[in-house]
Amino acid sequence: MVKPKIGMIVFANDSGLAVQTKRLVDMIHPSRLLIIDSTPFSKNKEQHFEWYKGYESIVSHGFPVNADIFQFVDGLTHVFSCENPYNFYLLYLCNQRGIKSYIQSNYEFCENLNNPHLPLPTKFLMPSYWMIADMEKRFGKDRVMYLPPPIDESEFSEAFRANSVLSGKKRFLQVVGTLAFKDRNG
């Protein structure tokens with residue numbers, strides 16, 4: 001059996017998407033990264049390329065162009081991206097070469113919902129059960145599955161201590177980051 005050669009598209013800024021992709025890299029240890037330098041389009045201008053030191057990497061300034069995608073997928077067996085492919089040539093090329101592709105999609109940003117002519121990934125990995133039935137209806141149950149984003153439990157140790165029974169008060173933790181599209185996060 002051939003060992004899978006996994007490629008991941010990641011961010012290196014101070015966004016929730018960057019944290020999500022960094023955690024996945026820490027868990028999966030992919031063979032190659034395509035790092036999106038988001039300074040041309042994001043308010044999160046600071047980049048943390050040091051997060052990915054030691055990984056074979058390609059950096060795209062802004063969203064990846066076809067040449068970035070072509071170089072990135074060469075020799076890979078699997079490709080993983082969060083939210084969307086950032087260039088649909090990725091899915092086209094993966095489908096042409098027999099590379100399995102996985103998009104941990106957010107329903108509200110899934111461009112395939114509004115454009116049936118776009119190439120599809122091997123699987124949509126849904127981060128929550130919200131709208132998963134609609135995704136299964138549109139793309140088939142074999143192409144959609146639930147896979148929550150990774151969580152680093154050590155980040156909650158202080159919250160656990162402050163909100164535990166030891167404090168004498170009942171509290172709950174509500175995770176509300178920055179305002180998201182259509183207030184999904186609120």
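These legends walk you through close-up views of a predicted model.

**View 1. Strand β1 and its neighbours.** Let's start with strand β1, residues 6-11, where five of the six residues are buried, so the rest of the structure largely encloses this strand. β1 pairs with strand β4 (residues 78-83) in the parallel sense, over three bridges. Look for methionine 8, which stands opposite phenylalanine 80 in β4. β1 also pairs with strand β2 (residues 32-37), again in the parallel sense, over five bridges. Here glycine 7 has arginine 32 of β2 as its bridge partner.

**View 2. A right-handed β-α-β unit.** Follow the chain through β1, helix α1 (residues 16-28) and β2, which together make this right-handed unit.

View 3. Glutamate 56 and arginine 32 form a salt bridge, with 2.6 Å between their closest N and O atoms. Glutamate 56 sits in strand β3 (residues 56-61) and arginine 32 in β2, so the pair ties together parts 24 residues apart in sequence. Arginine 32 is buried, at 6% relative accessibility, while glutamate 56 is partly exposed, at 42%.

View 4. Lysine 22 and aspartate 26 form a salt bridge, their closest N and O atoms being 2.8 Å apart. The two residues are four apart in helix α1, so about one helical turn separates them. Aspartate 26 is partly exposed, with a relative accessible area of 39%.

View 5. Aspartate 134 meets arginine 138 in a salt bridge of 2.8 Å, N to O. Both lie in helix α4 (residues 132-139), four residues or about one turn apart. Arginine 138 is partly exposed, with a relative accessible area of 45%. A search of the whole structure finds three salt bridges.

Terms used: Residues are numbered from 1 along each chain as its sequence is written. This is a predicted model: local features need pLDDT of at least 70, side-chain atom pairs count only at pLDDT 80 or more; totals for chains, interfaces and linings use all residues. Side-chain values use heavy atoms; hydrogens and water are left out. Buried means under 20% relative accessible area, exposed over 50%, partly exposed in between (1.4 Å probe, protein chains only). Two strands pair if DSSP finds at least two bridges between them. A crossover is right-handed if, with the strands pointing away from the viewer, the path from the first strand over the helix to the second runs clockwise. A salt bridge is a side-chain nitrogen of Lys or Arg within 4 Å of a carboxyl oxygen of Asp or Glu.
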